Amino acid sequence: LLWSFPSFLTENFVTKMMPINFAKWVDENAHLLQPPINNKVVFSGDDFFVMAIGGPNNRTDYHINQTEEWFYQVRGDMVLKTVDETTTPATFKDIPIKE
């Protein structure tokens with residue numbers, strides 16, 4: 001499972017998001033973190049959101065986001081598929097990430 005939100009934290013984060021027991025939240029929402037959707041928004045603020053993402057995921061497309069993102073893996077192994085468009089031709093690289 002992953003947390004995803006921009007690398008900056010604002011006062012809105014502190015004042016609007018209450019602390020949660022994330023392990024308990026995952027257990028209670030595990031049915032939402034299964035295929036085919038695999039994700040659930042935990043919190044949505046004014047300028048960022050927190051999303052939990054489950055697996056397995058067999059998607060073959062690439063996620064493109066023009067803003068910063070932060071990922072935190074809680075459990076399991078994964079492969080992060082990347083594309084470096086600064087090379088010609090673009091370079092595809094799989095990055096294994098272990099628990």
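## Overall layout

Read from one end of the sequence to the other, the protein chain runs β-α-α-β-β-β-β-β. That pattern comes from two helices and six strands. Please keep in mind that this is a predicted model.

Of the chain's 99 residues, 21% count as buried. The chain exposes about 7600 Å², and carbon and sulfur atoms supply 57% of that area. Looking at contacts between residues at least 6 apart in sequence, 45% join residues at least 24 apart.

## The E2–E3 hairpin

Let's turn to a pair of strands. Strand E2 covers residues 39–44 and strand E3 covers residues 49–53; the two pair in the antiparallel sense over five bridges. Together E2 and E3 make a hairpin, with four residues between them. Which residue in E3 does Ser44 stand opposite? Its counterpart there is Phe49.

Another salt bridge joins the side chains of Asp94 and Lys81, at 3.2 Å from N to O. Asp94 lies in strand E6 and Lys81 in strand E5, so this pair ties together parts that are 13 residues apart in sequence. With a relative accessible area of 42%, Asp94 is partly exposed; Lys81, at 43% relative accessibility, is partly exposed as well.

## Around Lys98

Lys98 is found in the segment after strand E6 (91–97). Is Lys98 buried or exposed, and why? Lys98 counts as exposed because its relative accessibility is 63%, and exposed means over 50%.

The side chain of Lys98 meets that of Asp77 in a salt bridge (4.0 Å, N to O). Asp77 lies in the loop between strand E4 (71–73) and strand E5 (78–84), while Lys98 lies in the segment after E6, so the pair ties together parts that are 21 residues apart in sequence. Asp77, like Lys98, is exposed.

Leaving aside residues up to four places away in sequence, Lys98 touches Gln73, Gly76 and Asp77. As for Arg75, 23 residues from Lys98 along the chain, the C-alpha atoms of the two are separated by 8.7 Å.

How values were computed:
Residues numbered from 1 in each chain as written. Predicted model: local features only at pLDDT ≥ 70, side-chain atom pairs only at ≥ 80, totals over all residues. Heavy atoms only, no water. Pairing = 2+ DSSP bridges. Buried < 20%, exposed > 50% of the residue type's maximum accessible area, 1.4 Å probe, protein only. Contact = heavy atoms within 4.5 Å. Areas by Shrake-Rupley, 256 points an atom, 1.4 Å probe, with all protein chains shown as cover.
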